[in-house]
Amino acid sequence: MAPTTRSKQSTPSPETPKSTSTSTAIETGLIGEIKQRPREGSRTREREEVWDPKYAVDLATTTIDENVFLFVPNLIGYVRVLTAAASLVFMPYHPKWCTTLYFVSCMLDAFDGMAARALGQTSKFGAVLDMVTDRCATACLLTFLTSVYPNWSLLFMFLITLDFSSHYIHMYSSLVTGSSSHKTVTSDVSRILWYYYNDSRTLFFFCFANEVFFVCLYLNAFWKSPITSSFPIPNFLLSTEYNLILKNPNFFSGLVYYLRNLTWPQVIGILTLPVCTGKQIINVVQFWKASKILVGVDLAERQTARREAALRARQL
């Protein structure tokens with residue numbers, strides 16, 4: 001079966017040359033101040049082929065020599081889905097199993113990308129599977145936290161909304177601009193997003209630390225043993241004689257008492273809170289930049305439509 005494609009716009013016949021094409025007009029800067037230039041991982045919309053969905057479904061169903069569903073990175077992705085789902089089953093009553101399975105799913109996120117690059121098995125299906133797994137797992141964890149911390153439920157619902165909306169609009173803007181991957185961001189579009197997506201280690205660090213913070217909030221509801229059970233603080237630090245030497249003994253005593261009653265989830269949560277905050281800032285930047293890209297594309301298309309309408313009017 002020969003590949004079939006369809007274009008988003010009608011293609012003129014070879015005998016009738018186009019006077020002005022949209023891509024040429026944009027690339028040469030004829031449309032106002034909005035300009036488009038080729039960049040790595042991008043292609044102009046005029047040259048893009050849009051596959052017919054029926055052909056794509058038939059090809060995925062009948063092809064036997066290569067099965068994208070069974071690519072090694074995608075098999076790892078299925079394991080991520082299963083371990084994340086299993087962690088949700090244990091979440092209400094077995095924090096150790098829940099945390100273990102949840103972190104197994106998070107750690108496999110690094111291995112599926114390495115396997116895809118090493119085996120040459122990168123795929124659009126794998127990229128979407130990876131993103132959907134991340135978003136759904138985090139959303140389910142935050143949903144559970146709304147029941148653990150009802151006073152903070154609005155904040156958790158906002159974080160869920162921000163996470164889904166920023167990634168969706170960013171993915172859509174990447175498709176509209178012809179990027180081969182949502183991770184293809186140039187520094188002139190957003191330096192923050194370029195730093196975030198350009199280095200896989202930075203990306204993994206932010207994502208992993210973000211999940212660690214939320215897991216620490218979850219464990220805080222179950223873990224009551226203070227860190228002093230592992231690292232005792234000398235009792236003489238709370239003695240009256242020692243506190244009299246200090247200018248503010250009450251403050252010092254209160255601080256030591258607080259530190260003595262900290263749990264491990266609270267300690268790790270305090271350390272990862274700045275990274276989690278940075279991750280939310282990145283989500284806001286991602287949402288805003290993607291919104292501006294879509295608005296710019298809208299303006300370019302509207303200006304192009306008006307210009308072509310004016311050209312057709314002059315030709316009549």
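A salt bridge here is a side-chain nitrogen of Lys or Arg within 4 Å of a carboxyl oxygen of Asp or Glu. The model is predicted, and a search of the whole structure finds six such bridges.

Select arginine 201 and aspartate 199. Their closest N and O atoms are 3.3 Å apart, and the two residues form a salt bridge. Colour the pair by accessibility: arginine 201 is exposed, with a relative accessible area of 65%, whereas aspartate 199 is partly exposed at 24% relative accessibility. Exposed requires over 50% and buried under 20%, so a value in between is called partly exposed.

Next, select Arg80, Asp109, Asp130 and Asp134. Salt bridges with shared partners join these four residues into one network.

Within that group, keep aspartate 134 and arginine 80 on screen. Their side chains meet in a salt bridge with an N to O distance of 2.5 Å. Aspartate 134 lies in helix α5 (residues 124–148) and arginine 80 in helix α3 (residues 72–90), so the pair links distant parts of the chain, 54 residues apart. Both aspartate 134 and arginine 80 are buried.

For the last stop, move along helix α5 to arginine 135. Which helix holds the other member of this pair, aspartate 163? Aspartate 163 is in helix α6 (residues 153–176), 28 residues from arginine 135, and this pair also links distant parts of the chain. The N to O distance in the salt bridge between their side chains is 2.8 Å. Arginine 135 and aspartate 163 are both buried.

Terms used. Residues are numbered from 1 along each chain as its sequence is written. This is a predicted model: local features need pLDDT of at least 70, side-chain atom pairs count only at pLDDT 80 or more; totals for chains, interfaces and linings use all residues. Side-chain values use heavy atoms; hydrogens and water are left out. Helices (H or I, at least four residues) and strands (E, at least two) are DSSP runs, numbered from the N terminus. Buried means under 20% relative accessible area, exposed over 50%, partly exposed in between (1.4 Å probe, protein chains only).
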